[in-house]
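Subject: Structure handover

Hello,

Here is the structure you asked about. Please open it and keep it beside this message while you read.

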Amino acid sequence: MNGRFWARYAWTGASEPGGLESGVLIDVSGGRIVSLQAGSAPPGDAVVLDGLVIPGLANAHSHAFHRALRGATQLGGGTFWTWRETMYRVAARLTPDEYLELARAVYAEMALAGITCVGEFHYLHHAPGGVAYDDPNAMGEALIEAAAQAGIRITLLDTCYLSSGFGAPPDETQLRFSDGSAEAWAERVSGLKERDHARIGAAVHSVRAVPADQLEVVGAWAAQRNAPIHAHVSEQPAENEGCLAAYGVTPTRLLADHGLLGPRTTAVHATHLTLEDIELLGGSGTTVCMCPTTERDLADGIGPAREVQAAGSPLSLGSDSQAVIDLFEEARGMEQNERLRTRRRGHWTADALLRAATADGHASLGWPEAGTLKAGALADLVTISLDSVRTAGPLHGAETAVFAATAADVSDVVTGGRVIVRRGVHQLVPDVAGALRQALARVAS
C-alpha cells in the first residue's frame, strides 16, 4: 500500500527516551515507511492522524477462544485450575467455522485497541475426540483467515500439546489438542504456509504437556525455519513441583537442557522462577512475555519482570485470556505490579514500557521489521486521541500513552499503509460489538 499520513504528534523514541515530534509527514510505499519529516503542515493529499501516533502494538500472547470466558468466570472464587475446567468446556464446542467467526471478531476488537499483530498460541487443532479434520490444519487456517479479515498480522504459534501432565495421557478435551507425538505435530504444522500477513512459529504448551524426550523435536522444527518458539513457563507453582518430581529440575532448566532457550524463544508468564532460572533466561537472551491482566485475573502471582530484564531478557506483553484487550493496561500493569511488589515507583520509563508493547513484542513474534516509526519499517500506525476525558491536558509523550490512555482512546489504525480503523470505526468489521455478540452466542448455544 502507498500513501501519505500526517501525524500531529509522533512517538519515534522506540530506542531513545523522549522521542516525540510534531507535524510529522509519513510517506509510505509498498506498505513500508519511506520517510518521516517533522515540522510540516498537513498536505492536502495526506490522511490526517490528529493525535499522538505510535507504532502498531504487538499482542505477543493470545488465546482467541478465551474471549468467550470474559465475565463468565468471575462468579465465586477458585484457582487457575478451576478456571481451566471452564475454559475446556468452551474448547470442546468450537468448530472451524465458529472459530473463524469468533477469532475475526476478537481480532477486530484487537485492531480497535491499536494491535496490528497478534501472536496466537494455538493448540485447539482437531475435532472432538482428537479426530483430524479433512484439512488437519483447519483450525489454524481459520485463525489465519480471521486475522486477514480483521486487517491485522498474525504469527500462528502452532502448539505441541501431548500430555495432561508429565507423561499422563490427554483427557477427553485434550485429545483435541494432541497430535500423539512431536513428530506427528511437526508433520502437521509443516503443512501451514506463510503469507503476507501471516508467519508460522512453534510453541511448547508447557513442560507439563510436552514430555522431555519430545522437546527437541519441536525445537529442531523451529530452528530449521528460523522461526519463533514460545512456551508457557512456571505459570503455577504446581508446574514447578511436578517438573521437579518428574525430572529433578525446574521447567526453565529443562528447556535449557534441551536447547530451547535463546533469542528466538519467548517464555510466557515466567511467574515463579528461581535465581538460576532468571540467569538462564537472561543469559540466553530469551524474551519474557508478561500478561498482567490475566495473571491478576487468574491469581497467578507477580513475575520477576524487572529481574529477568536486568539479566538480559527483552520483555513483551500479551492479552492472553482476553480478560481485557488493552496493551496500554498491560504495559502500566507491569509497572504497577512491580510497585506493589517492591513498594517503590518508577521501575521502567514509559518509553521502555511502550517499547515492550511495540518493537520488542514484534521481534518476539518474528516481525523485526515492525514496531518502530522509521524509514524501512512496516507502516503500522496507531493514533491515540488526545481529547478524551483520560488524555485531555498537557501531552507527555509516551507517558500519556502508557499511564493515561486506554484502548478506548485509539482513533485510527493503519497496517502496512492500509487504514483499518478510522475515527474509531473498523473499516472491515463495522460493527465489532455485534460481531462479538453473534459469535459468542453461537459458541454458547
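**A histidine in a strand**

His61 lies in strand 5, which covers residues 57–62. Please note that this is a predicted model.

Is His61 buried or exposed? His61 is buried, because its relative accessible area is 0% and buried means under 20%.

Now look at the side chain. It makes a polar contact with the side chain of His232, at 3.1 Å. His232 is also one of the residues in contact with His61 once neighbours within four places in sequence are left aside. That set also includes Gly119, Phe121, Val268 and His269. Cys289, Cys291, Leu317, Gly318, Ser319 and Asp320 complete the list.

**Two packed helices**

Next, find helix 2 (residues 96–112) and helix 15 (residues 432–444). Two packed helices are described by the angle between their axes and the distance between the axes. For helix 2 and helix 15, the angle is about 150° and the axes are 9 Å apart. Their crossing is left-handed.

Which residues of helix 2 and helix 15 meet? From helix 2, they are Glu98, Glu101, Leu102, Ala105, Val106, Ala108, Glu109 and Leu112. From helix 15, they are Val432, Ala435, Leu436, Gln438, Ala439, Leu440, Arg442 and Val443. By class, this contact has 11 nonpolar, one polar and four charged residues.

Helix 15 has 13 residues. From first C-alpha to last, helix 15 reaches 18 Å, close to the expected 18 Å. Buried residues in helix 15 are Val432, Gly434, Ala435, Leu436, Ala439 and Val443.

Best wishes

Definitions and conventions. Residues numbered from 1 in each chain as written. Predicted model: local features only at pLDDT ≥ 70, side-chain atom pairs only at ≥ 80, totals over all residues. Heavy atoms only, no water. Helix = DSSP H or I, 4+ residues; strand = E, 2+ residues; numbered from the N terminus. Buried < 20%, exposed > 50% of the residue type's maximum accessible area, 1.4 Å probe, protein only. Polar contact = N/O pair within 3.5 Å; in protein donor to acceptor, adjacent residues only side chain to side chain. Contact = heavy atoms within 4.5 Å. Axes fitted to C-alpha atoms, helices over the stretch in contact; angles between N-to-C directions. Left-handed = near helix turned anticlockwise from the far one by under 90°. Nonpolar A, V, L, I, M, F, W, Y, C, P; charged D, E, K, R; others polar. Expected span 1.5 Å × (residues − 1).
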